[in-house]
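This report covers a predicted complex.

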Amino acid sequence: MYVTVKGGEQAIDAAHAWLAEERRGDVSVPELSVAQIAEQLGRAVDRAMSEGSLYDRDLAALAIKQSQGDLIEAAFLLRAYRTTLPRFAHSLPIDTASMRAERRISAIYKDLPGGQILGPTYDYTHRLLDFTLAAGGTPPPVASAEPDGEALPRVPDILGQEGLLEPDEGSDATPGDLTREPLLFPAPRDVRLQALARGDEGFLLALGYSTQRGYGGTHPFAGEIRMGEVSVEIEPAELGFAIDIGDIVVTECQMVNQFKGSKTVPAQFTRGYGLVFGFSERKAMAMALVDRAMRAGELGEDVTAPAQDIEFVLYHSDNIEATGFTEHLKLPHYVDFQSELQNVRRMRRAAE
Amino acid sequence: MTEGYNFAYLDEQTKRMIRRALLKAVAIPGHQVPFGSREMPLPYGWGTGGIQVTASVLGPDDVLKVIDQGADDTTNAVSIRRFFAKTAGVATTTHTAEATVIQTRHRIPEKALRDDQIIVYQVPQPEPLFRLESSRVETRRMHGLADYGLMHVKLYEDVARFGQISIAYDYPVMVNGRYLMSPSPIPAFDNPKMDRMPALQLFGAGREKRIYAIPPWTDVRSLDFDDHPFRAINALEPCGLCGATDAYLDEVVTDDKGGRLFVCSDTDHCAERRDAGHVGKDGVP
């Protein structure tokens with residue numbers, strides 16, 4: 001005799017308990033602390049903060065611990081948390097020109113005011129597994145020097161003085177916010193940049209890469225990449241002046257792209273912009289490539305490639321949306337499958 | 001109830017925003033209204049739209065029923081019901097007749113709904129034209145102009161190639177003679193229940209950030225042709241447990257030798273019939 005399946009509730013409770021045990025792993029191995037993750041898995045924390053759209057290293061580290069290092073799951077935890085938070089204020093635009101830079105490189109000038117600062121990069125490491133790390137220990141002390149206090153003008157501003165780079169017109173308009181308002185088209189650049197900043201690193205990387213391989217070429221030069229601390233300021237209406245509420249680390253990438261000009265615009269360079277939380281150079285660069293690719297339409301270029309298709313990029317860049325919908329296929333679909341079964345049977349009967 | 005969260009999880013401002021979208025949706029039956037869908041603590045594609053709509057219409061005196069595939073005890077239905085039991089502290093039920101709000105995925109209950117009930121559908125893809133036109137800028141224009149020729153051509157091509165319309169679920173409907181609408185992935189069998197339903201029908205698509213609605217007693221017509229009228233699809237035999245002949249049936253594989261058992265997908269309907277003494281050929285009295 002057939003008995004209808006019951007027990008979803010017990011199954012869920014048991015699954016959660018099992019998950020907690022799996023997460024902890026072998027109890028003879030010391031438990032990972034949130035502080036250890038925040039300190040020693042910094043790039044993972046950066047990525048979770050960036051895609052989770054929440055700048056909080058400790059919460060991001062907790063999310064990483066909770067998700068067993070699944071960074072999309074960690075970003076999801078952060079998003080679900082941030083959406084419940086009240087909003088007191090909007091910050092003023094951060095001023096990356098006054099960044100306390102740990103890294104600043106330009107690929108288009110040999111030297112420039114403020115100099116090239118290599119910073120803590122993997123770029124020139126040889127990718128050899130370092131077995132001494134397995135043994136643990138403290139790294140040798142790093143040579144340090146007093147900051148020279150020299151200003152770090154932004155490369156686009158240097159180029160802009162000659163009029164060779166398209167001007168970047170500021171705007172006093174309140175920027176759009178995808179976390180409050182639905183995505184609508186045509187999507188203005190502020191909204192596009194927000195979507196990219198929250199977007200999946202892998203997706204943006206692949207799209208940016210595709211533009212380099214001929215799917216919507218943008219002829220990019222890495223005008224400047226900088227990473228370091230910037231101050232976040234808000235201007236409460238009742239005060240009338242800005243107050244500093246803290247510092248965040250961001251990575252900024254300014255791509256400089258060739259542009260042949262058009263009937264109305266003289267030949268000049270155009271911009272692609274990337275800005276992400278933490279130290280995420282790969283994503284900042286990919287973001288800048290995709291930002292520029294999506295400007296094809298407004299610059300009068302042909303729109304032929306996926307990276308140039310604004311609707312395509314914006315609807316598919318969010319990994320929380322993508323993972324939810326891809327993974328929802330594991331939910332029961334037997335009612336629909338049954339109707340397909342009966343449909344196929346009916347069509348086969350009709351064909352016989 | 002969970003400490004630190006508002007009643008039914010969402011803050012009141014968000015609920016107000018969603019209710020505004022719902023009012024607009026009710027005023028323009030079948031029209032997709034964009035709304036500022038929030039990130040929920042459940043994944044996109046798992047009912048976040050339905051949950052936000054339910055959270056916005058739920059009051060402390062409501063009685064909530066949640067079904068997935070017609071069943072109250074499927075894991076995702078259990079999870080969503082628990083979410084509201086925890087965040088809103090509302091009473092829950094598995095009985096269709098006792099519920100004031102029913103959130104559903106992929107089914108409409110067999111028992112006819114009343115005018116004091118609300119049914120909330122979880123919608124994965126609110127755009128009925130998405131397989132034919134991928135750009136939402138373009139489909140929005142098509143809805144604006146009621147330019148639905150593409151869908152009629154698709155149905156015509158089905159008839160030309162297969163001799164019948166081949167859509168088995170998420171079968172497109174015309175609402176109030178104006179808007180083409182996705183009924184959500186319910187089996188086509190359920191489509192006729194939407195027509196002139198006394199209950200308010202609300203649809204939430206969280207990931208796609210759209211809400212739409214069918215007010216009570218609205219005409220909902222499944223697209224078809226005069227010479228190829230709409231036909232609901234179902235298994236050809238009665239429920240093995242309760243003997244129902246007018247309910248949608250699931251097919252359960254009972255062995256690896258082709259054994260099949262057909263049972264009601266609506267578990268509450270089936271249990272109620274069995275309690276009333278109905279016995280199918282595989283059931284026990």
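## Helix 1 of chain A

Helix 1 of chain A has 17 residues and reaches 25 Å from its first C-alpha to its last. That is close to the 24 Å expected at 1.5 Å a residue (the expected span is 1.5 Å times one less than the number of residues). Helices here are DSSP runs of H or I with at least four residues, and strands are runs of E with at least two, both numbered from the N terminus.

## The A–B interface

In chain A, 39 residues are in contact with 52 residues of chain B (contact: C-beta atoms, placed from the backbone, within 7 Å). Four helices of chain A each supply at least two residues of this side: helix 1 (8-24), helix 5 (71-82), helix 12 (319-327) and helix 13 (334-351). Helix 13 of chain A gives the largest share, twelve residues.

## Helix 5 of chain B

Helix 5 of chain B spans residues 149-162. Its 14 residues reach 20 Å, close to the 20 Å expected. Gly163(B) follows just after, with a positive phi of about 80°.

## Confidence and conventions

The predictor gives the complex an ipTM of 0.89 and a pTM of 0.92. Chain B averages a pLDDT of 95, and 99% of the residues score at least 70 (pLDDT is the predictor's confidence in each residue, from 0 to 100).

Residues are numbered from 1 along each chain as its sequence is written, while chains are lettered from A and ligands numbered from 1 in the order in which they are written. In this predicted model, local features need pLDDT of at least 70, side-chain atom pairs count only at pLDDT 80 or more, and totals for chains, interfaces and linings use all residues.

Methods:
Contact = placed C-beta atoms within 7 Å.
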